Amino acid sequence: MGPPELLDRKLLFVTGKGGVGKSTVAASLALLAAERGKRTLVCEVDAKGNLADFFETGPTRFEEREILPGLFAMSMDTEASLKQYLSLQLKLPLVARVGPLARMFDFVATAAPGVKEIVTVGKLAWEVRERHYDLVVVDASPTGHIVGQLAAPQAINELVQVGLVRQQTGWMLDILGDPMLTGLVIVSTPEEMPVNETIELSARIGVETNVDLAAIVVNRVLPELFGRGEEEVFERLDRPEVTAALDEAVHGDVEPVIQAAHLAVTLRRTRAEHLEHLRASVDPSIPMLYVPYLFVRSHGLRSTRQVAEALSAELGY
Amino acid sequence: MAAAKATRGTARPPSAPPRPRPKGAEGRAGSIEQLLAAKEIVISCGSGGVGKTTTAAAAAAMAAVRLGGRVLVLTVDPAKRLANALGLEGFGNTETRVPDAAFEAAGVTPRGELWAAMLDTKQSWDNLVVRHAPDRDTARRILENPLYQNISGKFVQSHEYIAMERLYEIHLEGHYDLLVVDTPPTRNALDFLEAPERMADFFSSRFLRMLTVPYRSRLVNLASKPFYQVADRILGSQFLEDIAEFFILFQTMNAGFVERAEAVTRLLHDKRTTFMVVSTLEAAPLHEAEFFIDVLGDKGFSLGAVVLNKVLPGYLHGEQAARVAERLCQDAPALAALLDDAAGDRSQVERVLMEIGENFRNYQVVAQREAEQRAELAAAPEVVATVPYFDTDIYDLSGLLKLAESIWS
C-alpha cells in the first residue's frame, strides 16, 4: 500500500529555506485541513512569533487555542513542554517544587544536543499518539536545522542508554518512522539556493532520519505571461514605430509596460530553469505541488487562504 | 602588501597605511565605498535567502578592485555558483586567492587581491580544541570523545560562535586589510552577537561545575541533590556521567575559552568593525532586518549600512504608466484594430496587449507593497543602498561587480 494522501497523515513537518514561505505553506495546509473538516493543530516551532500573522489572530502560546473553527494554534516552548511532559507522562510529583528546573533544563539542553529537539518533537508526537487531533501541522525548523530536529530521537536513543528519556524515544521513533502517520513537506521556490537546498535535503532526509518525504511544495511559481506564438507578437509590438502608434493612441508612454513584460519573461525563464533542475534531481515519485506567485498586497489571512486554495487544487480536491 | 602581512595583533603599523582612505572616512561613512574603505571588518547579516552571501562577495570583490589591499570574503555556506563566480573550483576552510584570470575575464585589473574562505564548523572547532587544550593528549581525548563528535557542530550556538571566533583569528593574524564576513542564517538575529558572551558564560557556569564536580569527588552536596534526582530520572545517570566526563575534559580549556570569547566580543564592538544589514523588501525579511537594526543599536554595535536587495525597478511605480496599462487592458480590441496587423494576427495582438497591461498592474502591486515596506523601515541608517532586481542569476565576477556597482557610491 502506498503512502496516504498528504492531509490524511497525522503529523506533517513543514520545512524550507528561510524566505521561501515555509510558514505560509504550513498555515495554508492547516487551514485547508481544517476547512475540510479535520480537527487540526498548527504549531510554530521557531519562536519568531509570526504564525499568528498568517491568520490575523492574537499571539499564539504553548497552550493550544482554537483560532478558527476546528483549527488550533500553538507555539512551541521547550520548557513548558518539558514541564507538561514530566507531569503528564512521568507523573513526577516534584516538578512544581523543583526551583532550578528551568535553569537546569536550559543548561542540559545547551550542553546536550537533541534535548530541546526531542522535547519539541515529543510533544507533537504525543498529540498524535493521544489522537487529540486528526492532523498536526508543524511549522518546523528551516532546512539547515530540520535533520537535527527530526533525527534527535534517534540520536538520543543512541546516546542515552537508560533512563526515562530512553524509554520515551521508542514510541516517538515509531510515530516518526511510519509514513502512514508522519511526513515531511519541503517548501521551495524556483530560485537557485532554495532549489539546491531542497535537492540536498531530499537526499539527506532518507539517510539521516526515518521520516518519509511526503511532498515538495514549490511556492511563488510565476505564471507564463504569453501563450503559444504570442511572444513573437510581443516582439513585433516592441518596435519603435508600433510603440509610437500605441503611445499616441493611449496618450501616454507604453515603454514601462513593455519593460515590465520583458522583466516578467526573463524572470519566468530563469525560474523555469531552476524548476527543471529540481524536477530532474529528486525522486519522481515525490509529489510536487505548485503554488503560483501571488500578486497581492497583504500577507494576512486572505493570502493564506489563496495559497490554501492553490494547494487544494494541486491535491485534487 | 608585505607590510600588511607582517602586521600582527589588532594594531596597524603607524606608518603608511596600505591603501588610501577617502576624506571624511574617520567620521560616519556616506557610501558603501567609504564604509569599506574606513572599516576593517564588515559583517553582512540578515535573514536567509535575501542574498547576503552574494552581497558580501560582491562588496569584497569591488573593494579589491577599487580600493586595493588584501580583501578576504569569509562565507558560511557559499553556493557552488559563488565559488565558480569567483573563478574557484570551490573553497574551504583555508583562504584561497581569487585568480587574476577571473578579474581579467571580467575586464578589470584589480588594485588589490581578493581572497575567499569558507567556514567549516567542524574543522574550526577541532582547531580551537587543539589550540586551547593544555596538552596534545587532552586534545586527542576531546576530539575522540563521541559526545564531542556529536556536539561540536551543535551546542551553544556553536556555528554562530565559531564564525565570530574564526573572524577574530583571521583579524588577529593581520594578513588582510579588509574582512567581509557573511553570517550563518540564524534562527534569531541575536544568536551570533551573543554567542561569544554565552560561550564565556557557559564555561563559567555554576551548573557546569555542579555537573562535573560530583563525578570527580563522588560527593553530592545537598544543594545539588534535587538537581541530580531530576536529571538522573530524565536522562539516566550514565548519560550524565558521559556529559560530565566530556566537560571535565573540556574544562581544561576553560580559561583560554573565556578569555578568547571575551576578546571576540570586544572585536565585534570595536569601531573598526561594522555591520551591513541585508534584506529584501518582503515583509518577513524586512521585519527581521528592522529587529536586527534595533538590536545593533541597543547593544552598541555599529550599523554601517542597510542593503536592500532585489528591489523592483522604478518604472513600475509611475501613475501614468498605470493608466497606460489600464488602457491597454480595456481598449485592447480597439488598439489591436488600430495597429491593423502591424504586429500580427489581430486577436493575438489583442490578447498580448491585455496580458502586458495586466502584467504591469500585477508587478505594480508588488512594487507598491515594496515601497510601503521601505517607508516603514523606520530607523534611517547612514547608508541605504539598493540593488535592483537582476533578471538572471550571477554567474561570474562581472555579475558580482555589477551588483557591487549598484550599491557602491
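**View 1. Parallel pairing of strands E2 and E5 in chain A of the predicted model.** Strand E2 (residues 40-44) of chain A is joined to strand E5 (residues 135-139) of chain A by five bridges, and the two run in the parallel sense. Asp139(A) in E5(A) is the bridge partner of Glu44(A). Helix H5 (residues 115-129) of chain A packs on the sheet, where it touches E2 and E5 as well as strand E1 (11-16) of chain A. The direction of H5(A) makes about 165° with that of E5(A).

**View 2. The open sheet of chain A.** Eight strands of chain A follow the order E3-E4-E2-E5-E1-E6-E7-E8, with mixed pairing. Strand E3 (65-68) and strand E8 (288-292) of chain A each have a single partner strand, so they stand at the edges with one side lacking a neighbour in the sheet. On average, neighbouring strands of this sheet are turned by 25° against each other, direction ignored.

**View 3. Helix H8 across strands E6 and E7 of chain A.** Helix H8 (residues 192-208) of chain A lies across strand E6 (182-188) and strand E7 (213-221) of chain A. The helix runs at about 160° to E6(A).

**View 4. Helix H10 of chain A against helix H17 of chain B.** The axes of H10(A) (residues 240-250) and H17(B) (residues 332-339) come within 11 Å and cross at roughly 135°, which makes H10(A) oblique to H17(B). The crossing is right-handed. H10(A) contributes Val242(A), Ala245(A), Leu246(A) and Ala249(A) to the contact, and H17(B) contributes Leu335(B), Leu338(B) and Leu339(B). By class, this contact has seven nonpolar residues, with no polar and no charged ones.

Notes:
Residues are numbered from 1 along each chain as its sequence is written. Chains are lettered from A and ligands numbered from 1 in the order in which they are written. This is a predicted model: local features need pLDDT of at least 70, side-chain atom pairs count only at pLDDT 80 or more; totals for chains, interfaces and linings use all residues. Axes are lines fitted to C-alpha atoms, for helices over the stretch in contact, and angles run from 0 to 180 degrees between N-to-C directions. Helices (H or I, at least four residues) and strands (E, at least two) are DSSP runs, numbered from the N terminus. Angles under 35 degrees count as roughly parallel, over 145 as roughly antiparallel, 65 to 115 as roughly perpendicular and the rest as oblique. A crossing is left-handed if the near helix is turned anticlockwise from the far one by less than a right angle, and right-handed if clockwise. Two residues are in contact if their C-beta atoms, placed from the backbone, lie within 7 Å. Ala, Val, Leu, Ile, Met, Phe, Trp, Tyr, Cys and Pro count as nonpolar, Asp, Glu, Lys and Arg as charged, and the others, Gly among them, as polar. Two strands pair if DSSP finds at least two bridges between them.
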